[in-house]
Amino acid sequence: MTANSRYRSRAPRSDDGEEKDYVGFATLPNQVHRKSVKKGFDFTLMVAGESGLGKSTLVNSLFLTDLHKDRKLLNAEERISQTVEIMKHTVDIEEKGVKLKLTIVDTPGFGDAVNNTECWRAVTDYIDQQFEHYFRDESGLNRKNIQDNRVHCCLYFIPPFGHGLRPVDIEFMKALQDKVNVVPLIAKADCLTPSEIKKLKERLREEIDKYGIKIYQFPDCDSDEDEEFKRQDKELKESTPFAVIGSNTVVEARGQRVRGRLYPWGIVEVENPAHCDFVKLRTILIRTHMHDLKDITSDCHYENYRAQCIQTMTSSPDFPSIQLANIMHGALFKLL
Ligand SMILES: Nc1nc2c(ncn2[C@@H]2O[C@H](COP(=O)(O)OP(=O)(O)OP(=O)(O)O)[C@@H](O)[C@H]2O)c(=O)[nH]1
Ligand SMILES: [Mg+2]
(Lines give C-alpha, C1' and ligand atoms only; values in the text may rest on other atoms or scores of the structure.)
(Ligands and ions follow the chains in the order given, each with its own letter.)
Protein backbone atom coordinates (compact mmCIF):
# COMPACT_ATOMS: atom_id res chain seq x y z
CA MET A 1 0.00 0.00 0.00
CA THR A 2 1.46 3.38 -0.94
CA ALA A 3 1.51 6.28 1.50
CA ASN A 4 -1.03 8.01 -0.65
CA SER A 5 -3.54 5.21 -0.66
CA ARG A 6 -3.08 4.75 3.10
CA TYR A 7 -4.14 8.35 3.76
CA ARG A 8 -6.95 8.17 1.29
CA SER A 9 -8.33 5.07 2.88
CA ARG A 10 -9.03 7.09 6.05
CA ALA A 11 -10.83 9.82 4.20
CA PRO A 12 -14.60 10.02 4.51
CA ARG A 13 -16.63 8.28 1.89
CA SER A 14 -19.41 9.87 0.00
CA ASP A 15 -22.93 8.47 0.36
CA ASP A 16 -22.64 6.10 -2.54
CA GLY A 17 -19.58 4.59 -0.91
CA GLU A 18 -17.18 6.00 -3.47
CA GLU A 19 -13.90 7.20 -2.02
CA LYS A 20 -13.24 10.88 -2.56
CA ASP A 21 -9.95 12.39 -3.53
CA TYR A 22 -9.63 13.88 -0.10
CA VAL A 23 -6.67 14.06 2.27
CA GLY A 24 -8.48 15.39 5.29
CA PHE A 25 -6.74 18.61 6.31
CA ALA A 26 -10.04 20.42 5.84
CA THR A 27 -10.86 19.14 9.34
CA LEU A 28 -8.02 21.22 10.84
CA PRO A 29 -10.31 24.11 11.90
CA ASN A 30 -12.55 21.57 13.69
CA GLN A 31 -9.55 20.09 15.48
CA VAL A 32 -8.43 23.56 16.60
CA HIS A 33 -11.98 24.37 17.66
CA ARG A 34 -12.28 21.16 19.73
CA LYS A 35 -8.91 21.73 21.39
CA SER A 36 -9.70 25.36 22.25
CA VAL A 37 -13.12 24.50 23.65
CA LYS A 38 -11.59 21.77 25.79
CA LYS A 39 -8.89 24.08 27.09
CA GLY A 40 -11.27 26.96 27.71
CA PHE A 41 -10.60 30.64 27.22
CA ASP A 42 -9.35 33.33 29.51
CA PHE A 43 -9.67 37.07 29.34
CA THR A 44 -8.54 39.83 31.66
CA LEU A 45 -10.26 43.18 31.65
CA MET A 46 -9.19 46.21 33.65
CA VAL A 47 -11.04 49.42 34.45
CA ALA A 48 -9.36 52.75 35.21
CA GLY A 49 -10.22 56.42 35.55
CA GLU A 50 -11.39 59.00 38.04
CA SER A 51 -13.09 57.98 41.26
CA GLY A 52 -16.87 57.71 41.25
CA LEU A 53 -17.35 57.41 37.47
CA GLY A 54 -19.05 54.03 37.80
CA LYS A 55 -16.17 51.65 37.02
CA SER A 56 -17.12 48.98 39.57
CA THR A 57 -20.80 49.32 38.68
CA LEU A 58 -20.15 48.89 34.96
CA VAL A 59 -18.05 45.74 35.26
CA ASN A 60 -20.78 44.27 37.43
CA SER A 61 -23.37 45.13 34.80
CA LEU A 62 -21.21 43.79 31.94
CA PHE A 63 -21.05 40.22 33.04
CA LEU A 64 -24.36 39.88 34.86
CA THR A 65 -22.59 38.85 38.00
CA ASP A 66 -22.27 40.61 41.25
CA LEU A 67 -18.52 40.51 41.62
CA HIS A 68 -18.71 41.67 45.19
CA LYS A 69 -21.36 39.18 46.22
CA ASP A 70 -19.08 37.31 48.61
CA ARG A 71 -18.66 40.36 50.75
CA LYS A 72 -21.07 40.92 53.59
CA LEU A 73 -23.27 43.80 52.50
CA LEU A 74 -25.27 45.42 55.21
CA ASN A 75 -26.86 48.50 53.77
CA ALA A 76 -27.17 50.52 50.59
CA GLU A 77 -24.33 52.86 51.47
CA GLU A 78 -21.95 50.01 51.94
CA ARG A 79 -23.10 48.44 48.71
CA ILE A 80 -21.71 51.29 46.64
CA SER A 81 -18.36 51.13 48.33
CA GLN A 82 -15.38 52.90 46.90
CA THR A 83 -12.56 50.82 45.51
CA VAL A 84 -9.48 51.55 47.60
CA GLU A 85 -6.95 49.10 46.20
CA ILE A 86 -6.47 47.11 43.03
CA MET A 87 -8.87 44.19 43.27
CA LYS A 88 -8.83 41.14 41.07
CA HIS A 89 -11.97 39.04 40.70
CA THR A 90 -12.17 35.88 38.69
CA VAL A 91 -15.41 34.34 37.52
CA ASP A 92 -15.84 31.15 35.52
CA ILE A 93 -18.59 31.53 33.00
CA GLU A 94 -19.93 28.71 30.85
CA GLU A 95 -22.17 29.14 27.86
CA LYS A 96 -23.16 26.31 25.51
CA GLY A 97 -20.28 24.19 26.79
CA VAL A 98 -17.65 26.90 26.19
CA LYS A 99 -15.79 27.92 29.32
CA LEU A 100 -14.48 31.42 29.87
CA LYS A 101 -12.32 32.35 32.82
CA LEU A 102 -12.90 36.04 33.12
CA THR A 103 -10.70 38.18 35.33
CA ILE A 104 -11.71 41.69 36.20
CA VAL A 105 -9.12 44.05 37.60
CA ASP A 106 -10.90 46.87 39.36
CA THR A 107 -8.64 49.79 40.19
CA PRO A 108 -9.21 52.62 42.65
CA GLY A 109 -10.11 55.84 40.91
CA PHE A 110 -7.90 58.89 41.16
CA GLY A 111 -9.11 62.30 42.18
CA ASP A 112 -9.31 62.08 45.93
CA ALA A 113 -5.67 62.89 46.52
CA VAL A 114 -4.53 66.51 46.63
CA ASN A 115 -1.79 65.69 44.17
CA ASN A 116 -2.72 63.42 41.27
CA THR A 117 0.74 63.41 39.72
CA GLU A 118 1.54 59.96 38.41
CA CYS A 119 -1.84 58.66 39.56
CA TRP A 120 -1.52 55.99 36.86
CA ARG A 121 1.61 54.51 38.42
CA ALA A 122 -0.17 51.77 40.41
CA VAL A 123 -2.09 50.71 37.31
CA THR A 124 0.94 50.59 34.98
CA ASP A 125 2.97 48.80 37.67
CA TYR A 126 0.24 46.18 37.92
CA ILE A 127 0.29 45.59 34.14
CA ASP A 128 4.10 45.33 34.15
CA GLN A 129 4.01 42.87 37.04
CA GLN A 130 1.74 40.55 35.05
CA PHE A 131 4.15 40.74 32.09
CA GLU A 132 7.03 40.02 34.44
CA HIS A 133 5.30 36.90 35.84
CA TYR A 134 4.55 35.66 32.36
CA PHE A 135 8.09 36.32 31.21
CA ARG A 136 9.51 34.46 34.18
CA ASP A 137 7.19 31.48 33.68
CA GLU A 138 7.93 31.39 29.98
CA SER A 139 11.67 31.33 30.61
CA GLY A 140 11.33 28.70 33.33
CA LEU A 141 11.19 24.93 33.16
CA ASN A 142 7.46 24.29 33.36
CA ARG A 143 6.12 26.18 30.39
CA LYS A 144 3.18 23.95 29.68
CA ASN A 145 0.85 25.24 32.33
CA ILE A 146 1.60 28.93 32.36
CA GLN A 147 -1.15 30.98 33.85
CA ASP A 148 -1.79 33.97 31.68
CA ASN A 149 -2.76 36.94 33.82
CA ARG A 150 -1.71 39.58 31.32
CA VAL A 151 -4.23 42.42 31.02
CA HIS A 152 -5.91 42.22 27.61
CA CYS A 153 -7.95 45.40 27.70
CA CYS A 154 -8.30 48.50 29.85
CA LEU A 155 -11.54 50.47 29.82
CA TYR A 156 -10.65 54.09 30.53
CA PHE A 157 -13.52 56.17 31.92
CA ILE A 158 -13.87 59.79 30.80
CA PRO A 159 -16.24 62.03 32.79
CA PRO A 160 -19.37 63.22 30.96
CA PHE A 161 -19.31 66.65 32.61
CA GLY A 162 -16.35 68.33 30.93
CA HIS A 163 -15.75 69.63 27.43
CA GLY A 164 -13.35 66.94 26.37
CA LEU A 165 -10.16 65.40 27.67
CA ARG A 166 -8.50 66.83 30.74
CA PRO A 167 -4.68 66.85 31.00
CA VAL A 168 -4.89 64.00 33.51
CA ASP A 169 -6.90 61.86 31.04
CA ILE A 170 -4.35 62.49 28.31
CA GLU A 171 -1.43 61.61 30.56
CA PHE A 172 -3.17 58.54 31.99
CA MET A 173 -4.03 57.08 28.59
CA LYS A 174 -0.55 57.86 27.28
CA ALA A 175 0.97 56.02 30.23
CA LEU A 176 -1.17 52.99 29.35
CA GLN A 177 -1.06 53.03 25.57
CA ASP A 178 2.12 50.98 25.03
CA LYS A 179 1.25 48.40 27.68
CA VAL A 180 -2.38 47.55 27.10
CA ASN A 181 -5.28 47.96 24.65
CA VAL A 182 -7.00 51.14 25.81
CA VAL A 183 -10.73 51.47 25.13
CA PRO A 184 -11.97 54.94 26.17
CA LEU A 185 -15.54 55.25 27.45
CA ILE A 186 -17.82 58.16 28.27
CA ALA A 187 -19.01 57.35 31.78
CA LYS A 188 -22.50 57.99 33.21
CA ALA A 189 -23.96 58.78 29.80
CA ASP A 190 -27.41 59.22 31.37
CA CYS A 191 -26.23 62.71 32.36
CA LEU A 192 -26.15 63.79 28.71
CA THR A 193 -28.73 64.27 25.96
CA PRO A 194 -28.21 62.41 22.64
CA SER A 195 -26.92 65.54 20.90
CA GLU A 196 -24.52 66.27 23.77
CA ILE A 197 -23.21 62.71 23.54
CA LYS A 198 -22.71 63.09 19.79
CA LYS A 199 -20.81 66.35 20.26
CA LEU A 200 -18.66 64.98 23.06
CA LYS A 201 -17.80 61.88 21.03
CA GLU A 202 -16.69 64.01 18.08
CA ARG A 203 -14.61 66.19 20.33
CA LEU A 204 -12.98 63.25 22.06
CA ARG A 205 -12.13 61.57 18.74
CA GLU A 206 -10.52 64.81 17.55
CA GLU A 207 -8.54 65.23 20.76
CA ILE A 208 -7.38 61.61 20.81
CA ASP A 209 -6.03 62.23 17.32
CA LYS A 210 -4.56 65.63 18.14
CA TYR A 211 -2.67 64.46 21.23
CA GLY A 212 -1.47 61.26 19.53
CA ILE A 213 -3.12 58.92 22.02
CA LYS A 214 -2.93 55.32 20.83
CA ILE A 215 -6.22 53.70 21.67
CA TYR A 216 -7.31 50.22 20.59
CA GLN A 217 -7.90 50.26 16.82
CA PHE A 218 -10.60 48.01 15.49
CA PRO A 219 -9.11 45.86 12.76
CA ASP A 220 -10.31 46.58 9.22
CA CYS A 221 -13.14 44.49 7.97
CA ASP A 222 -12.17 41.96 5.24
CA SER A 223 -13.50 42.93 1.82
CA ASP A 224 -15.14 39.53 1.35
CA GLU A 225 -17.34 39.90 4.47
CA ASP A 226 -21.08 40.18 3.85
CA GLU A 227 -22.75 43.58 3.68
CA GLU A 228 -24.57 43.22 7.02
CA PHE A 229 -21.31 42.46 8.83
CA LYS A 230 -19.64 45.46 7.15
CA ARG A 231 -22.51 47.72 8.20
CA GLN A 232 -22.33 46.56 11.81
CA ASP A 233 -18.56 46.99 11.84
CA LYS A 234 -18.84 50.55 10.51
CA GLU A 235 -21.52 51.42 13.06
CA LEU A 236 -19.38 50.02 15.88
CA LYS A 237 -16.37 52.10 14.83
CA GLU A 238 -18.43 55.26 14.46
CA SER A 239 -19.83 54.88 17.99
CA THR A 240 -16.48 55.26 19.71
CA PRO A 241 -15.79 56.29 22.41
CA PHE A 242 -18.72 54.26 23.70
CA ALA A 243 -21.07 56.15 26.00
CA VAL A 244 -22.07 53.79 28.80
CA ILE A 245 -24.41 53.54 31.76
CA GLY A 246 -24.04 51.10 34.63
CA SER A 247 -26.47 49.85 37.20
CA ASN A 248 -26.58 47.12 39.78
CA THR A 249 -30.31 47.20 40.18
CA VAL A 250 -33.06 45.51 38.26
CA VAL A 251 -36.13 47.60 37.52
CA GLU A 252 -39.41 47.00 35.76
CA ALA A 253 -39.73 48.59 32.31
CA ARG A 254 -42.41 47.85 29.72
CA GLY A 255 -43.52 44.83 31.73
CA GLN A 256 -40.01 43.34 31.81
CA ARG A 257 -37.35 43.24 34.48
CA VAL A 258 -34.23 44.95 33.16
CA ARG A 259 -30.99 46.38 34.48
CA GLY A 260 -31.58 50.08 34.76
CA ARG A 261 -31.68 53.28 36.75
CA LEU A 262 -34.96 54.53 38.08
CA TYR A 263 -35.39 58.31 38.12
CA PRO A 264 -38.44 60.35 39.13
CA TRP A 265 -38.92 61.17 35.43
CA GLY A 266 -38.34 57.72 33.98
CA ILE A 267 -36.19 54.67 33.59
CA VAL A 268 -32.79 54.46 31.93
CA GLU A 269 -32.16 50.98 30.59
CA VAL A 270 -28.56 49.81 30.50
CA GLU A 271 -29.12 47.33 27.67
CA ASN A 272 -31.31 49.54 25.50
CA PRO A 273 -29.26 50.66 22.45
CA ALA A 274 -31.36 53.82 22.26
CA HIS A 275 -30.18 54.80 25.75
CA CYS A 276 -26.45 53.99 25.58
CA ASP A 277 -23.67 51.95 23.93
CA PHE A 278 -23.46 49.32 26.67
CA VAL A 279 -24.50 46.47 24.33
CA LYS A 280 -22.01 47.61 21.69
CA LEU A 281 -19.23 47.56 24.26
CA ARG A 282 -20.19 44.08 25.43
CA THR A 283 -20.36 42.91 21.81
CA ILE A 284 -16.82 44.00 21.00
CA LEU A 285 -15.41 42.69 24.27
CA ILE A 286 -17.04 39.30 24.08
CA ARG A 287 -18.52 38.48 20.71
CA THR A 288 -16.35 40.10 18.10
CA HIS A 289 -12.97 41.37 19.29
CA MET A 290 -11.87 39.33 22.31
CA HIS A 291 -9.46 37.31 20.21
CA ASP A 292 -7.99 40.37 18.55
CA LEU A 293 -7.49 42.06 21.94
CA LYS A 294 -5.64 38.97 23.15
CA ASP A 295 -3.52 38.74 20.00
CA ILE A 296 -2.43 42.38 20.22
CA THR A 297 -1.59 41.94 23.90
CA SER A 298 0.58 38.97 23.14
CA ASP A 299 2.12 40.01 19.81
CA CYS A 300 2.57 43.68 20.48
CA HIS A 301 2.45 44.83 24.11
CA TYR A 302 4.04 41.75 25.65
CA GLU A 303 6.61 41.45 22.85
CA ASN A 304 7.71 45.05 23.50
CA TYR A 305 8.08 44.31 27.20
CA ARG A 306 9.97 41.11 26.48
CA ALA A 307 12.34 42.75 24.01
CA GLN A 308 13.11 45.51 26.50
CA CYS A 309 13.76 42.98 29.27
CA ILE A 310 16.09 40.90 27.15
CA GLN A 311 17.96 44.00 26.04
CA THR A 312 18.42 45.21 29.61
CA MET A 313 19.47 41.79 30.81
CA THR A 314 21.90 41.02 28.01
CA SER A 315 23.57 44.41 28.16
CA SER A 316 24.46 43.84 31.81
CA PRO A 317 28.12 42.62 32.08
CA ASP A 318 27.36 40.00 34.73
CA PHE A 319 24.43 38.46 32.97
CA PRO A 320 24.83 34.69 33.41
CA SER A 321 24.85 32.74 30.18
CA ILE A 322 22.48 30.11 31.60
CA GLN A 323 19.74 32.73 31.79
CA LEU A 324 20.39 33.72 28.20
CA ALA A 325 20.09 30.07 27.20
CA ASN A 326 16.75 29.90 28.98
CA ILE A 327 15.46 32.99 27.17
CA MET A 328 16.61 31.68 23.80
CA HIS A 329 14.89 28.41 24.60
CA GLY A 330 11.76 30.43 25.47
CA ALA A 331 11.96 32.25 22.15
CA LEU A 332 12.24 28.95 20.31
CA PHE A 333 9.27 27.59 22.23
CA LYS A 334 7.23 30.60 21.16
CA LEU A 335 8.10 30.00 17.53
CA LEU A 336 6.98 26.40 17.75
N1 LIG B 1 -25.91 58.48 36.94
C2 LIG B 1 -25.15 57.42 36.97
N3 LIG B 1 -24.62 57.01 38.13
C4 LIG B 1 -23.85 55.90 38.13
C5 LIG B 1 -23.57 55.17 36.96
N6 LIG B 1 -22.76 54.12 37.26
C7 LIG B 1 -22.55 54.18 38.57
N8 LIG B 1 -23.19 55.24 39.12
C9 LIG B 1 -23.19 55.66 40.53
O10 LIG B 1 -21.95 56.34 40.77
C11 LIG B 1 -21.47 56.04 42.08
C12 LIG B 1 -20.06 55.50 42.03
O13 LIG B 1 -20.03 54.27 41.36
P14 LIG B 1 -18.80 53.25 41.46
O15 LIG B 1 -19.11 52.13 40.53
O16 LIG B 1 -18.48 52.92 42.86
O17 LIG B 1 -17.63 54.18 40.89
P18 LIG B 1 -16.08 53.82 40.76
O19 LIG B 1 -15.61 54.44 39.48
O20 LIG B 1 -15.85 52.35 40.90
O21 LIG B 1 -15.44 54.62 41.95
P22 LIG B 1 -14.03 54.32 42.72
O23 LIG B 1 -14.14 52.94 43.24
O24 LIG B 1 -13.97 55.36 43.77
O25 LIG B 1 -12.96 54.49 41.71
C26 LIG B 1 -22.50 55.05 42.66
O27 LIG B 1 -23.40 55.79 43.44
C28 LIG B 1 -23.18 54.47 41.46
O29 LIG B 1 -24.50 54.03 41.73
C30 LIG B 1 -24.16 55.63 35.73
O31 LIG B 1 -23.97 55.08 34.66
N32 LIG B 1 -24.92 56.77 35.80
MG1 LIG C 1 -14.76 51.25 42.21
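Predicted model: local features only at pLDDT ≥ 70, side-chain atom pairs only at ≥ 80, totals over all residues.

Colleague: Is K188 buried or exposed?

Modeller: K188 has 22 other C-beta atoms within 10 Å, and the cut-off for buried is 20 or more. So K188 counts as buried.

Colleague: Which residue other than glycine has a phi near 50 degrees?

Modeller: R254. R254 is in the loop between β7 (250-253) and β8 (256-263). R254 is exposed, with 8 other C-beta atoms within 10 Å.

Colleague: Peptide bonds next. What is the bond from T240 to P241, cis or trans?

Modeller: Cis, with omega near -10 degrees. P241 is found in the loop between α8 (227-238) and β6.

Colleague: Now the sheet. In what order do the six strands come?

Modeller: The order is β2-β3-β1-β4-β5-β6. The sheet is open, and its pairing is mixed.

Colleague: Which strands stand at the edges?

Modeller: β2 (87-95) and β6 (242-243). Each has a single partner strand, so one side of each is left without a neighbour in the sheet.

Colleague: How do β4 and β5 run, parallel or antiparallel?

Modeller: Parallel. Five bridges join β4 (residues 153-158) to β5 (residues 182-186). As one of the residue pairs, F157 has L185 in β5 as its bridge partner.

Colleague: Which residues of α5 are buried?

Modeller: V123, I127, Q130, F131 and S139. Seen down the axis of α5, the buried residues fall within an arc of 160 degrees, so they line one face of the helix.

Colleague: What about the other side of α5?

Modeller: R121, D125, Q129 and E132 are exposed there.

Colleague: Last topic, the ligand. Which residues come nearest to ligand 1?

Modeller: G54, K55, T57, T83 and G109, of the 16 residues around ligand 1.

Colleague: How many of the shell residues around ligand 1 are polar?

Modeller: Nine are polar. Four are nonpolar and three are charged.

Methods. Residues numbered from 1 in each chain as written. Chains lettered and ligands numbered in written order. Near = placed C-beta within 6 Å. Nonpolar A, V, L, I, M, F, W, Y, C, P; charged D, E, K, R; others polar. Pairing = 2+ DSSP bridges. Helix = DSSP H or I, 4+ residues; strand = E, 2+ residues; numbered from the N terminus. Buried ≥ 20, exposed ≤ 12 C-beta atoms within 10 Å, placed from the backbone. Arc of directions from axis to C-beta.
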